[in-house]
Amino acid sequence: MKERRIAYNSFVFVLLIFLYSVTTLFSLVMNQGLLITITSILFIGPAIVWNFNKINTKTLIVIFISVMVMGILLIQRNVFSSNAEAITDVMLKFGTIGIMSLFVGTFSINHENIRKWFDIMSIVCFALTFVYLVLIRGDFRLSMRFGYAMLPSTIWFLYEFIDRKKIWWLLLFIVSLLSLVIYGSRGTLLSIGLLLALLSAKRKWWWMLIMVLIIVVFLNFFIDSLEFFLNWLAELSGSKKITKLITLFNGDLAESSTGRDWIYERCITLFNESPM
């Protein structure tokens, strides 16, 4: 019984990470937030009941954090009444997904099962996300979801290639990474860049020095070639979103931010006027 419970805990842990990816395809016919909530209740809810057999330190910490966060949100809802509707929405999401996620963090898991489910979910979500890409037919308003749905699979493919040195994990990583580049998912590319930096940081100092030198050489001598490659990729794929990546690459933050630059400027101004 204990082994079955730990095996299910491992599945739930991985499902939580891929939850956005799993529900993205079905968001075309149903609200994704509602989908995530329903899926969480159906799969994570039973796991919480199964594991919640006694009060321990971890459980008390989860209860304390949950009560504290809900209390802060309730105070904000009363103080900032003009934002009451938005804060209520946050409270509902935290009261379901947030609290359940905290409980999942206290579960006992098995690393072999975790790896098995990561392999399965990464490939399943890779396929589901490409089906989503086909169905939206170049609707770039929906392509941001594609980027963040593909991200967990892309990261796992990279990890498996580094760890197992299997060529097909590398091929999956390259295909998923190119799809992110084509659709201009700059946030997801930044996440992958940070991951690579963290992986490099685990190496010895001389390895980091080599990486820095390679990057410097690349930036100095191959910028024109990279821009040419991005333009070629945009023309080949017919993707207009990749132009955002090119304009950002050229240093035009205002144009590449899709009109959000004025929001950044306004936030800075308001912060300077009233930091508290």
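**Note on the predicted model**

1. Read along the sequence, the protein follows the pattern α-α-α-α-α-α-α-α-α-α-α-α-α-α. The secondary structure accordingly comes to 14 helices and zero strands. It should be kept in mind throughout that this is a predicted model.

2. Some totals describe the chain as a whole. The protein has 276 residues, of which 33% count as buried. Its accessible surface comes to about 17500 Å², and carbon and sulfur atoms account for 70% of that area. Where residues in contact are at least 6 apart in sequence, 70% of the contacts join residues at least 24 apart.

3. How many aromatic pairs does the model contain? The count comes to twelve. One of them is formed by Tyr8 and Phe11, with 5.8 Å from centre to centre and 45° between the planes, a tilted arrangement. Tyr8 and Phe11 are three residues apart in helix 1 (residues 2–17), so about one helical turn separates them.

4. Is Phe11 buried or exposed? Phe11 is buried, since its relative accessible area is 15% and the cut-off for burial is under 20%.

5. Phe43 counts as partly exposed, because its relative accessibility is 35%.

6. Elsewhere, ring pairs join several residues into a cluster, namely Phe126, Phe130, Phe146, Phe157, Trp168 and Trp169.

7. Phe43 also belongs to a nonpolar patch on the surface, together with Phe26, Leu28, Val29, Met30, Leu34, Ile38, Leu42, Val131 and Leu135. The accessible area of these residues together is about 890 Å². Helix 3 and helix 6 (111–136) are the elements that give two or more residues to the patch. The largest share, four residues, comes from helix 3.

8. Which loop holds Val29? Val29 lies in the loop between helix 2 (19–24) and helix 3. Val29 counts as exposed because its relative accessibility is 74%, against a cut-off of over 50%.

How values were computed. Residues are numbered from 1 along each chain as its sequence is written. This is a predicted model: local features need pLDDT of at least 70, side-chain atom pairs count only at pLDDT 80 or more; totals for chains, interfaces and linings use all residues. Side-chain values use heavy atoms; hydrogens and water are left out. Rings of Phe, Tyr and Trp (its six-membered ring) pair if their centres lie within 6.5 Å; planes under 30 degrees apart count as stacked, over 60 as edge-to-face and the rest as tilted. Buried means under 20% relative accessible area, exposed over 50%, partly exposed in between (1.4 Å probe, protein chains only). Patches are made of residues with over 30% relative accessible area and no salt bridge: like charges are joined within 9 Å, nonpolar side chains (Val, Leu, Ile, Met, Phe, Trp, Tyr) within 5 Å. Accessible areas come from the Shrake-Rupley method with a 1.4 Å probe; for residues, only the protein chains shown count as cover. A salt bridge is a side-chain nitrogen of Lys or Arg within 4 Å of a carboxyl oxygen of Asp or Glu. Contact means heavy atoms within 4.5 Å.
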